[in-house]
Amino acid sequence: MTDCLVVQPIARPGLELLRGAGLAAFTPETTDFSELGPHLATSRAVITRNHGLSSDEITAAPNLEVIVSHGAGTDAIDKAEAEARGIPVLSTPGANTAAVAEHAFALILSCARQIPQADRATRAGRFDFRYRQNGFELSGKTLGLVGYGRIARSVAKLARAFGMNVIASSRHAASSELIRDGVESVDMSALCARSDIVSLHSVPNKYNRLDAERIAELKRGAVVVNTARGSLLDESALISALRSGRLAGAALDVFVAEPLPEDDPLLNCPNLVLTPHIGGSAREALDRTAIEAAEKVIAALGMPGK
């Protein structure tokens, strides 16, 4: 009997909280439906990470009362099916804010100072890389933020500490909020034209997606960083811009297809830093996220907390 199916591993404090509330929690070895199915059949709750939860998986869970996303995103969960069943879909949007913001800035620094290239050169004994590298300072450069939610605000704070100018394109943040933070509000065209570095922090829509047309508007020598959602970025257009040398670099922590296929052209693209969707995976953030996810399950099921 499984009360809460934890589709992918979460930190121990979250599991301990579930079990302390009297819930039987189970984490399978794989996300294959053949393994999930028997546990979905008895589960009252599901905690899922990037696997999400499909329509078929929701249908296979007749007793399901709540779905909780371990993280901010719920894109991989079939919310229409859940809504049709009256099953709430919850998330943990604030638990990993600091971790994702710090990772985004680590990627910015990696591109600006060509850290991965320098590492490879040093290991190969090519100390002459120091004469060929073209890294640049962040101080005085312009950072363009697409979206201005919790994570973007944290990135803006880090950027200002490095002496950067920060601009943002957001249809939701109040202008007074941006002014208070020392951030200039601009539209997407101005952001593309003026930014030395563009960092993506939004939910995809027609207005803010960095498609081929927008990428063509980017300043020559710009850098693109994506720690939000893979679908925010036209990966093919980015590859073309990097291979032509029009963009100086890019760094991606999220992708349209995860994990990346073995033949994905991103894997052989120059001046591109790739990380496997680990923005929110700092130890402290994983503990907070697991605890918050467990707390939401316990509350939704009306269980006594501990």
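**View 1. The largest nonpolar core has 28 residues.** A nonpolar core is a set of buried Ala, Val, Leu, Ile, Met, Phe, Trp, Tyr and Cys residues joined through side-chain atoms within 4.5 Å. Buried means under 20% relative accessible area, exposed over 50%, partly exposed in between (1.4 Å probe, protein chains only). Residues with the most contacts inside this core are Leu210, Ile215, Leu218, Val224, Leu233, Leu238 and Leu247. H10 (188-194), E9 (197-200), H12 (235-243) and E11 (249-252) each supply at least two core residues. H12 gives the largest share, 5 residues. Helices (H or I, at least four residues) and strands (E, at least two) are DSSP runs, numbered from the N terminus.

This is a predicted model: local features need pLDDT of at least 70, side-chain atom pairs count only at pLDDT 80 or more, and totals for chains, interfaces and linings use all residues. Numbering starts from 1 along each chain as its sequence is written, and side-chain values use heavy atoms, without hydrogens and water.

**View 2. Arginine 44 forms a salt bridge with glutamate 65.** A salt bridge puts a side-chain nitrogen of Lys or Arg within 4 Å of a carboxyl oxygen of Asp or Glu. Here the closest N and O atoms are 2.8 Å apart. Arginine 44 lies in the H2-E3 loop and glutamate 65 in the H3-E4 loop, so the pair ties together parts 21 residues apart in sequence.

**View 3. Arginine 153 pairs with glutamate 177 in a salt bridge.** The closest N and O atoms are 3.0 Å apart. Arginine 153 is partly exposed, at 29%; glutamate 177 is buried, at 18% relative accessibility.
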